Structure formats: structure tokens, C-alpha cells
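Me: I'd like to learn how to read a few features in a model like this one. Can we go through them one at a time?

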Amino acid sequence: MNLFLDYKKKIFNFLKILNKKKILKIPENFKSITVELPPKNQKGDISCNAAMLLAKFNNKTPLEFAEVLKTHLSKNFKEFKSIDVSGPGFLNIFFDNSFWLNHLSQVIKLNKKYGSNKTVKKKYNIEFVSANPTGPLHVGHCRGAVLGDALSNILSFNGQKVTREYYVNDHGGQIKNFVTSVYYRILEIKKKKEFPKTIDLYPGDYVIQIAKKIIKKKSIKNFNNFDKIYKKLSTESLKYSMELIQNNLNLLGIKHNNFVYESKLIKDKMVLKTVQNLEKKNYVYKGELTAPKGEKTIDWKIRKQLLFKSTAFGDDTDRPLQKVDGSWTYFAADMAYHSHKISRKFDILINILGADHAGYIKRIVSATKAISNNKVNLICKVSQLVKLYKDGEPFKMSKRSGDYITVEDLIKEVGKDSVRFMMLSRSNDVDLDFDFKKVTEKSKDNPVFYVQYAYARINSIFRLLKIDLNKKIKIKSFNLNEHEMTILKKISEWPKCLEISLNKLEPHRIPFYLYELVTLFHSYWNLGKDNKEFRFVSVNLNNSRLVLLQALSIVIRNAMTILGVSTPKIM
């Protein structure tokens, strides 16, 4: 039930009827009109631009043609209380009370489904987090994790089939460095050998905990020969590291339903198969590359190497697939992973990338196009940096040294709800300032508190009246004042907010909408402090008002569920 989409369709179909009756003319290639909120300087419940689009074709000015449409729309749509012709030709439409009563009833009836938009069902793969399995998640991973989860929730809420995927990079140099770090911690514990101060090692305390678990398990009896036990030690180290990462994700309320391991793709020779497949399509060749921008030309050695023709798909340069030693590049392995995704018949692939991977988008999109013959759409969303502030001072992060803020640290400090809500409070493509003080305040300046407090206040009203919030309430006579109607109209915008969030893959629109919605509610609540007429609990109890509160609670709960944030009944 999307008020704006519904009336866009209804009015457009009505215009086609008028066209058949030769009351007006519509161009053959005319596709649609828009039905939106009225411009800020104009009033109305909805606003339509049909007059401005069709006036010239009907040999009239927009204002003249708007008057013609106003007459016919008023006769056909009985729920239209009035229509104002405003500005350059907008049709600003007001609904009557019977429409709003029906709309409010529909919100209550739909309940947990209110806001969901009817769309063509597709199969999505959203890959997010995919942090190297070399330690716990830090705040840099946190934003992308919450973004990927919220996008998955939006798609699922709108009836799409979603696979939440984690790609485990368990192959390559960083893994060997990690396993070596675990090994030296084991020697430190068992044989009192000092941990080496080597830049490539991971010195964090979590490595000590992993080492202790491996020692306790006793699956490796002898630690004297690193090379001999490497395979088993690697398996054990990565298992406990992934457990740590999954525990971090659980703290955020995130659960992936599929994990793909790079090592398995390598073992199954997926990289070789993918490269051979591209060779058959003439997208792989042996050639030479000039030095990348920023590299010192004097240090760059031009050599023949295996290259992917990514420039054929819009990339800036062709990309190498093999290193000097003949091993596959990270990009080649990633191509194989995306080939694996494509083989699973997803309609749309979405990758959530960190800020340092923005330059990687063109090449991986090019690879996906080449592998799928331009049939699969890959969308990359970049999650920009999070800047932490506490007591006016920025927090520094450095994964190598172990001196950084983990997801667990952050949640212990401010709670899951604050972390998730604030991580989604700005568009993912801009930096986010995360202020510890702001997100723990119990005030209007803390949006997550302000939204949760609105839900708690609604529950307090029903507790006081001893009425179940979910109980069906009959409306004897529809009677909402101006302030309540403003809240109801904002409630009617929820499906539109979700539709835009879905189409643009932008969950940050939901926190903005929620804050605007609950601000209307809190402002109205405060009016009741000085005027009994505006109090929700009064001698002359208004059932319309109670049903409005039920509808408001439904929207808050549905929106917060998508964000992965709780709605406490008592605060």
C-alpha cells in the first residue's frame, strides 16, 4: 500500500480513459506522470504534474490544462475533497476524511507488512564484511557490516530473496603471517620464547587467546617444526579467528547465511577455469603494462604478463592476472569468486566495499560483465570512513599494532542499537563522525533514543489505559485534529520512503524519516502538557487517536526492525 504509487497508477489510467474518449490527448510514447508530496511552498496531501507534462500537446498553458484536469479528476475521484491548481500547474490534491479513515484501517490491517512494496521478485547476493580472517572486526568493518545487513533487510521486507554472503580470504601472504603469529604466541606460552618484533606479524591479544585454544585442544602434539605442522595449524588458527569474527557479527545482530572460502576456490581450480573461460572469449592476452600513476618509473620493470582486457568494459587499464612468480593476483582470485557467484544464478550482485577499495570497482565490474556476457548486474556500494570521537579527541585505529577500537569495544561502550542506528544515519558514500557522548545522551540530539522513546511513550499510554496495543479498536467516528492529521500523513509516507530506499539501495533514508516522524509525535505530546485537549489520555477518550497511535507504533517497529534496532516498551 503505497499512497503515491497507487495514485500515480490510478490517475495515469484515468488519463488514458480520457484520451480514448477524446477529451484530451496523450502522446504515443508518453510513459508516466509523477505523484509526490506538494512542493514545500504549497499545500495538499499529494501533488501531480500531469498538467505540466501534457499541456503543450493539448495546445494549452499548464495552468489552463490543470483546470481541465481538475474538473474531470474531481468528478471521477470521490475521495478527493478538493484540488488546488498551484505554481506553474501542479495539481495539489486533498483527501476527505473517509479516505483517511480507510487508509488508517489499512495500516492496522497490514501491520507487519505495512510499507512493503509490490515489486518483481529477484534473487540477490549481497557480499559484505569479508574482512581478512586475521583478527577481530574493528570499527572500519562495522559500518559496512551494518550497511550490508540493513540492505538485506530492506530487500527481504519487500519480498526479495537474499543471500547474505561472506567471502573468506583464507589464502595468501597475510594468512601465512597470521598463522606465524599464532605459532610464535604458542612458543611464547609453552617455551617462554619472546614474541618477535616483526612488522608483518599480528601482536594483538586475540592471537594469544587463539594460541591458548589450540594448545588446549591438543590436536597438535609437537610445535618444534613449523613447516611440518603448518597446514593443521593454519586450519585451527583460521577456525578460531572466524569464530571470533562471527561472534563480533552476532553482537551487531548480523548473521550471514553463506560463507565462501578462497582456499576452496583455489583447490577447485576455479581461478584457472575462469581465466581459461575468458581466454576463449578473447578477453585474456599476454602483454605489457606501463607504470601505474604514482609509481616511480625508474623502479618499474616492463615485462610480459597475463592481462585481462578490462578496458573493453570501461576500466582505465587492463589488469594483470599473474604475479612475477607465476601465482595468481588477488584480482584473478576475485574474478573466480565472482564467476562462482554468477554460476549460482543470482539476478543482482551487490558488493559492500571499504573506503580503500573504491578504486577496485571498475575492474571487478568489468570482470563480472565479461564472465556473464553482460547478463548479470554487479552493484558496488562503498562504505566510507568512520571517525570516532570521545571527550573531543579522535580515537586512532591501527590493526597491525593491535591498538584499535574493535566492534566489541564499541558495542560495550554504547550498545548495539546506537551503533547500528548511527552507522546508518548518513549516506554510506560520505564520512561519518561517531560521537560517543551524543549517542549515549537521553535527549532529542540522540536520534536512536528519540525514536525508541516515542515507541515507549506509545506503550505507556496503552498500559495506562489497560488496553493491548495490538487489540483491534473500532472507530465510532473519525475525528483527528490538525496535529494528528499531520502525523497520519507522515505515516502515509512510510511506503514511499521504503520504496526509494529499495530502489536506490540507501538505508540512511529510514533513520531520517523516523526522526521526522517521531519529532511530530513528541511535539504533539508536549502540547498536551499545557492543553488538556491535546492529551492522549483524557476523559473523552478518542478512539481515532488510539488507532493513530497503533499505526504510529507499527511504522516505528517496522522501520526499526529493518534497521536492526530494538523497540523497547519501557525506557
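Me: With which side chain does the side chain of R344 make a polar contact?

Reply: A polar contact is a pair of N or O atoms within 3.5 Å; within protein, one must be able to donate a hydrogen and the other to accept it, and residues adjacent in sequence count only if both atoms are side-chain atoms. Here the partner of R344 is the side chain of E165, at 2.7 Å. Keep in mind that this is a predicted model, where local features need pLDDT of at least 70, side-chain atom pairs count only at pLDDT 80 or more, and totals for chains, interfaces and linings use all residues. Residues are numbered from 1 along each chain as its sequence is written, and side-chain values use heavy atoms, with hydrogens and water left out.

Me: Where is R344 found?

Reply: Look in the loop between α11 (330–343) and β11 (348–354). Helices (H or I, at least four residues) and strands (E, at least two) are DSSP runs, numbered from the N terminus.

Me: And which residues is R344 in contact with, leaving aside neighbours within four places in sequence?

Reply: Contact means heavy atoms within 4.5 Å. For R344 you get K123, N125, E165, N258, V260 and Y337.

Me: How many disulfides does the count come to?

Reply: Take pairs of cysteine sulfur atoms within 2.5 Å, and the count is zero.

Me: Is C380 buried or exposed?

Reply: Buried means under 20% relative accessible area, exposed over 50%, partly exposed in between (1.4 Å probe, protein chains only). C380 has 17%, so it is buried. C497 is buried too, with 11%.
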